[in-house]
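Visitor: I am new to this structure and would like a close look at a single part. Please take me through one cross-link in the chain, and then through what else ties the chain together.

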Amino acid sequence: HEFNEHSSPHQRIRVFRNNGTLIILSTQTSDRGEYVCEVITEGVQRTALSKPATISVIEKLRFVPAPVNKKLELDSVAKIHCKAQGTPPPIIRWEKNGMASENFPAHITDMNGTLHFNRVTARDKGKYNCIASNSQGTINASISIDVVVAPRFVVPPKSPINVSEGESIMIDCVVEGDPDPTIQWDKDLKMNDFDLTRFRVLENGSLHISEVYRDDQNKYGCTAGNSAGLNRKEVELFVNGPEADATVTKAFLITMSVAGAYIVLVVGLMVWCKYVRRSRKLPIADGGTEIYAKTCGPFIRKSEVTPPNL
C-alpha cells in the first residue's frame, strides 16, 4: 500500500514511501496478524525484509446488536437472542429481576446468551437483563417481555344467513385477546362500504343492520387484530324478497293441506275398519262348507265347519 498526493484521502491503510511508515485508520479485527516491511533498492536484485511485526487488535466489548423488547404469544415457543463481541470473547448470561437464569422456571433455558421459551406462560412477562463480561469489564442491556394473546372468536359469525327484505339482523363477531383486539368489518373486501344510517358495529364487535335491503346481499368479513396477530371470519348474507316469501308461504300451505287430508283419510279408514271388524260374519255356501270372509284384513281367512244334521 502506498500513499502519495494521488492516493485517496479515504484510504484506511496507508504506507508512506519516503520513510516506510505504515498507518492503519479505524482498526478492524481483520487487521490483526504479522506485517513485514520489504526494502527494495534500485540496481540491487536482493531485497531486505524486516523482522515480522505482530499486530493484535483488541475488540471493544459491545453488543452486536443489543437485544430489544419482545412480545411473546401465549403458549408459543420462542427465542430471544443476546449477542456480544469483545477480546477475549465475553461470557453472556440472563437475569430477571435479579434472579439468575439457573433459577428460571423449567420451561425457560439460557443457552449461550439465547433464551429459549418452551410454551410461553403469562408469568413470563417482565424485565430481563442481558449481561456480557470479559477482562475488559461488564456491559448489560435491559428489555421488557410482554405476553400477548392472539385474537380468537368467542362467538363467530354464522354462515350462510337468510333474512327477509325489510327485517333487522345481527351478525355476531365476538372476539377476545390480549391486548384487546381491534375489529374491522368489510363488505366484499371493501372497507367502510356501509350505509351508516342502517349499519352499526356494536361494542362487542357484532354488526347490526336495522333494515335489510336487497342490495345488502353479499359477503361480509370480520377481521380482528392486535399485536399478536390477525384472525378473520367471513359470512354470506342472502336476502329474500317479497316474491320469495310468498312462494315459500304458498308451498308451506299446500304441504300442510296435503298432510291434513292424508291424516283425515287415515283416521277415517281406521274407524271404518274397526266398525266392520265388529260387525257380523258373512256366511257363503260352498259345498256344505261355510266360508267366513272378514273385511279390512290383509287376507281372507277360511274356516271349515261341519254342517248341522237336518
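Guide: Cys-173 and Cys-222 are joined by a disulfide, with their sulfur atoms 1.7 Å apart. The model is a predicted one. About the S-S bond the angle is -65 degrees, and the link of Cys-173 and Cys-222 is left-handed. Distant parts of the chain are linked here: Cys-173 sits in the loop between β18 (169–171) and β19 (174–178), while Cys-222 belongs to strand β24 (residues 218–226), 49 residues apart. Both Cys-173 and Cys-222 are buried.

In total there are two disulfides. Another disulfide connects Cys-82 to Cys-130, at an S to S distance of 1.8 Å. The link of Cys-82 and Cys-130 is left-handed, with -90 degrees about the S-S bond. This pair also links distant parts of the chain, with Cys-82 in the loop between β9 and β10 (84–85) and Cys-130 in strand β15, 48 residues apart. Cys-82 has a relative accessible area of 1% and is buried; Cys-130, at 0% relative accessibility, counts as buried. When the bonded cysteines are numbered in sequence order, the pairing reads 1-2, 3-4. As for Cys-37, its relative accessible area is 35%, so Cys-37 is partly exposed.

The structure holds 11 salt bridges. One of them joins Asp-186 and Arg-232 at 2.7 Å, N to O. Asp-186 lies in strand β20 (residues 182–187) and Arg-232 in strand β25 (residues 229–240), 46 residues apart. Asp-186 counts as buried at 2% relative accessibility, whereas Arg-232 is partly exposed at 30%.

Arg-12 and Asp-31 also meet through their side chains in a salt bridge (2.7 Å, N to O). Arg-12 is in the segment before β1 (13–16) and Asp-31 in the loop between β2 (21–24) and β3 (33–35), so this pair ties together parts that are 19 residues apart in sequence. Arg-12 is partly exposed, at 24% relative accessibility, and Asp-31 is buried, at 3%.

A salt bridge between Asp-75 and Arg-119 has its closest N and O atoms 3.5 Å apart. Asp-75 is in the loop between β8 (70–73) and β9 (77–81), and Arg-119 is in the loop between β14 (114–118) and β15 (126–134), 44 residues apart. With a relative accessible area of 45%, Asp-75 is partly exposed; Arg-119 counts as exposed, at 52% relative accessibility.

Technical notes
Residues numbered from 1 in each chain as written. Predicted model: local features only at pLDDT ≥ 70, side-chain atom pairs only at ≥ 80, totals over all residues. Heavy atoms only, no water. Salt bridge = Lys/Arg side-chain N within 4 Å of Asp/Glu carboxyl O. Helix = DSSP H or I, 4+ residues; strand = E, 2+ residues; numbered from the N terminus. Buried < 20%, exposed > 50% of the residue type's maximum accessible area, 1.4 Å probe, protein only. Disulfide = S-S within 2.5 Å.
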